[in-house]
Amino acid sequence: MTIRASTGLRNKLLDTNPFKTIFAASFIKIYDGPVPATADAGLDAANHLLMTVSISGGGTGINFEATAVNGAIAKATGETWSGTTIAAGLASFYRLVTSSDDGSTSTTFARLQGQIATSGSDLNMTTTNLSNTTSYPIDAFSVSLPTL
């Protein structure tokens, strides 16, 4: 498991912005292909967008709880997160992004990038072999910071 925070996210967190504010009304984009080495890296022709996760798959950005607990913040209670695939493929990684993120190389976009598997990964899904035009839920998602 290797979650990567972009330079833009780290800078925003260290300035004045809490995680839940940075990623208010954000999206989880799920890709196939090789996982970029950093969250600052741009996506290339080998990375295909399979699905964008939003509230009930309707295109409205997702949110996090108002309060972190024990160093972790989870998906907002009451929100149903899901997405419908726009292409079939093998989900290999995700990026949590704001609506303005265009996927290009950037040290200013706030991004959180992690790997996908069916268990023991940064984002666990019931399957990683996604079928075209199929809806997939994200039932649980949280982000935690290690103790220093």
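**An exposed threonine, and onwards**

Let's start with Thr133, which counts as exposed at 61% relative accessibility; exposed here is over 50% relative accessible area, buried is under 20%, and partly exposed is in between, with a 1.4 Å probe and protein chains only. Before I go on, the housekeeping: this is a predicted model, where local features need pLDDT of at least 70, side-chain atom pairs count only at pLDDT 80 or more, and totals for chains, interfaces and linings use all residues. Residues are numbered from 1 along each chain as its sequence is written, and side-chain values use heavy atoms, with hydrogens and water left out.

Back to Thr133: you'll find it in the loop between strand 10 (129–130) and strand 11 (135–138). Helices (H or I, at least four residues) and strands (E, at least two) are DSSP runs, numbered from the N terminus. The phi of Thr133 is near 60°, which is positive although the residue is not a glycine. Ser56 has a positive phi too, about 50°, and is not a glycine either. Ser56 sits in the loop between strand 3 (48–55) and strand 4 (72–74), and at 52% relative accessibility it counts as exposed.

Now a serine in another setting: is Ser26 buried or exposed? Ser26 is buried, with a relative accessible area of 0%, and it lies in the loop between helix 2 and strand 2. Leaving out neighbours within four places in sequence, Ser26 is in contact (heavy atoms within 4.5 Å) with Gly61, Ile62, Phe64, Leu96, Val97 and Thr98.

On to strand 2 (27–32). Asp32 is in that strand and, at 13% relative accessibility, counts as buried. Its C-alpha is separated by 5.6 Å from that of Asn47, 15 residues apart along the chain. Beyond four places in sequence, Asp32 touches several residues, including Asn47, His48, Gly89 and Phe93.

So what about salt bridges, meaning a side-chain nitrogen of Lys or Arg within 4 Å of a carboxyl oxygen of Asp or Glu? The count comes to one. That one joins the side chains of Asp101 and Arg111, at 2.6 Å from N to O. Asp101 is in the loop between strand 7 (93–97) and strand 8 (111–117) and Arg111 is in strand 8, so the pair ties together parts ten residues apart in sequence. Both partners, Asp101 and Arg111, are buried.

Next, the nonpolar core, defined as buried Ala, Val, Leu, Ile, Met, Phe, Trp, Tyr and Cys residues joined through side-chain atoms within 4.5 Å. The largest one has 26 residues, and Phe19, Ile28, Ile30, Met125 and Phe141 have the most contacts inside it. Helix 2, strand 2, strand 3, strand 7, strand 8 and strand 11 each supply at least two residues, and the largest share, three residues, is from strand 3.

Last stop, helix 1 (7–15). Thr7, Gly8 and Leu9 are buried there, and the buried residues of helix 1 pack against strand 1 (4–5), helix 2 and strand 8.
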